[in-house]
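Please keep the sequence and the model at hand while reading.

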Amino acid sequence: MKNQSKSPERHSIKIRKPNFDLEKDLAHDWFNGSAFNTGFENSFSLLFPLGEKAFIESVRHFQKEIKDPKLLDEMSSFYAQESVHRKEHQKYNELLCELRGYDLEHLTRSQVKRHQYRYAQLNPYQRLASTVAAEHLTAIFANDLLRDKDHFGLSGKEVTKLWYWHALEETEHKAVAFDVYEAVGGSLKMRRRALLLASYFILKDTFRGIFIMLKQDGQLMKIRTLIDAVNFLFIKPGVLRKAFIPWLQFFRNDFHPWQTDNRDMITQWEDSIPIKN
Ligand SMILES: [Fe+2]
Ligand SMILES: [Fe+2]
C-alpha cells in the first residue's frame with residue numbers, strides 16, 4: 001500500500017497532559033512588562049479553542065478515506081493533542097478575562113461569527129485546506145519560538161512554558177492535516193488560496209484582540225506601545241519579518257512541512273520543559 005504519511009520514519013506524536021498554573025502571570029503584562037507583546041500573545045491564545053475544534057473536525061471528516069496505518073495513527077494523536085490545546089487555551093482565556101476584566105464574548109465575537117456564517121458554508125475540502133494553511137502558520141511561529149530560547153526574555157515562567165509546550169506539539173504534528181489533504185486529492189490552487197485567507201483572518205483577529213485589550217488598559221496611544229509593536233513584529237524578535245520566507249514556501253508545488261526538518265528542536269525542548277504529567 002502507498003504510504004500516505006510523509007512524516008519522517010520513527011517520528012512520533014506524543015500525548016501529554018500538562019498542568020499550568022497561570023494565575024500569577026496572567027494578572028499582569030507578563031511579557032517583559034510590555035503591554036503590546038503581552039497583548040499579542042494573549043490575543044493569539046483567543047484563537048485556539050474554536051480554531052482547533054475546527055481543525056480536528058475537518059481532518060476527522062476524511063478519516064474513512066485514509067488507509068495508511070501510520071497516517072491513521074498520526075491522525076488520532078493529532079486529535080488528542082489539539083483537544084488538550086483547546087482546553088488549556090480555554091482555561092488561559094477565561095482566567096485572563098477574569099483577572100483583567102476583559103469581556104471574552106466581545107473579544108471572540110468576530111471569529112465566532114465567521115465560524116457560524118462563513119466557515120459553515122465551506123465544503124469539506126475547503127475546510128481541510130484552511131486547516132492545512134492554519135497549521136502551516138502555527139508551524140512557522142512554533143519553529144521560530146523553539147529556536148529562540150530568549151523569545152520571552154525574563155517573563156513569567158508558567159505561561160511561557162505553556163507556549164513552548166504548544167509550539168513543541170505543533171511541530172510534532174505539523175504535517176498531519178497536510179498529508180490527509182494530499183491523500184484525499186486536495187488541489188494546489190485551493191491550498192494556496194486557503195493560506196492567503198487564513199493569514200488574513202488570523203492577523204485580523206489577533207490585531208482586533210490586541211486593540212481591544214490595549215484600549216481597555218489605557219495603553220493604546222502610548223509611545224512605548226508603538227515602539228514595542230514595531231520591534232516585536234519587525235525587528236527583534238520580528239515575528240512577522242521572520243515568518244515571511246517560510247510563509248512563501250507553502251506556495252511551491254512540491255512543498256511539504258517536513259522539508260523544514262526541525263526534529264532537533266523537539267528533542268531539545270522535550271528535555272527542558274518540565275511538564276507535570
Ligand atoms: Fe494546537
Ligand atoms: Fe496544530
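The points below cover the metal site, the salt bridges, the surface patches and the backbone.

This is a predicted model, in which local features need pLDDT of at least 70 and side-chain atom pairs count only at pLDDT 80 or more, while totals for chains, interfaces and linings use all residues. Residues are numbered from 1 along each chain as its sequence is written, chains are lettered from A and ligands numbered from 1 in the order in which they are written, and side-chain values use heavy atoms, with hydrogens and water left out.

**Metal site**

- Donors are N, O and S atoms within 2.8 Å of the metal (3.2 Å for Na, K and Ca); water is not among the atoms, so sites may look incomplete.
- Helices (H or I, at least four residues) and strands (E, at least two) are DSSP runs, numbered from the N terminus.
- E52 and H166 are both buried; buried means under 20% relative accessible area, exposed over 50%, and partly exposed in between (1.4 Å probe, protein chains only).
- A distance of 3.7 Å separates the iron ion (ligand 1) from the iron ion (ligand 2), and E82 coordinates both.

**Salt bridges**

- Side chains of opposite charge can pair when their charged atoms come close.
- The structure holds 16 salt bridges, each being a side-chain nitrogen of Lys or Arg within 4 Å of a carboxyl oxygen of Asp or Glu.
- One of them joins E172 and R16, with 2.8 Å between the closest N and O atoms.
- Because E172 lies in helix α8 and R16 in the segment before α1, this pair ties together parts that are 156 residues apart in sequence.
- E172 and R16 are both buried, and the relative accessibility of R16 is 8%.
- E270 also forms a salt bridge with R16, and the closest N and O atoms are again 2.8 Å apart.
- This second pair links distant parts of the chain, with E270 in helix α13 (residues 263-272) and R16 in the segment before α1, 254 residues apart.
- E270 counts as partly exposed because its relative accessibility is 26%.
- R100 and D29 meet through their side chains in a further salt bridge (2.8 Å, N to O).
- Here R100 is in helix α4 (residues 69-100) and D29 in the loop between α1 and α2, so that the pair links parts of the chain 71 residues apart, and R100 counts as buried at 16% relative accessibility.
- K14, R16, E169, E172 and E270 are joined into one network by salt bridges that share partners.

**Surface patches**

- D21, E23, E94 and E98 gather on the surface in a patch of negative charge.
- D21 is located in the segment before α1 (23-26).
- A nonpolar surface patch is formed by I223, L226, I227, V230, F234 and I235, which together have about 590 Å² of accessible area.
- Patches are made of residues with over 30% relative accessible area and no salt bridge; like charges are joined within 9 Å, and nonpolar side chains (Val, Leu, Ile, Met, Phe, Trp, Tyr) within 5 Å.
- Accessible areas come from the Shrake-Rupley method with a 1.4 Å probe, and for residues only the protein chains shown count as cover.
- For charges, Lys and Arg count as positive and Asp and Glu as negative, without His and the chain ends; the place of a charge is NZ of Lys, CZ of Arg, CG of Asp or CD of Glu.
- I223 lies in helix α11 (residues 223-234) and counts as exposed at 60% relative accessibility.

**Backbone**

- K236 and P237 are joined by a cis peptide bond with omega of about 5°, and P237 is in the loop between α11 and α12 (239-249).
- R10, although not a glycine, has a positive phi of about 60°; R10 is in the segment before α1 and counts as exposed at 79% relative accessibility.
- N32 is not a glycine either and has a positive phi of about 55°; N32 is in the loop between α1 and α2 (35-46) and is partly exposed, with a relative accessible area of 42%.
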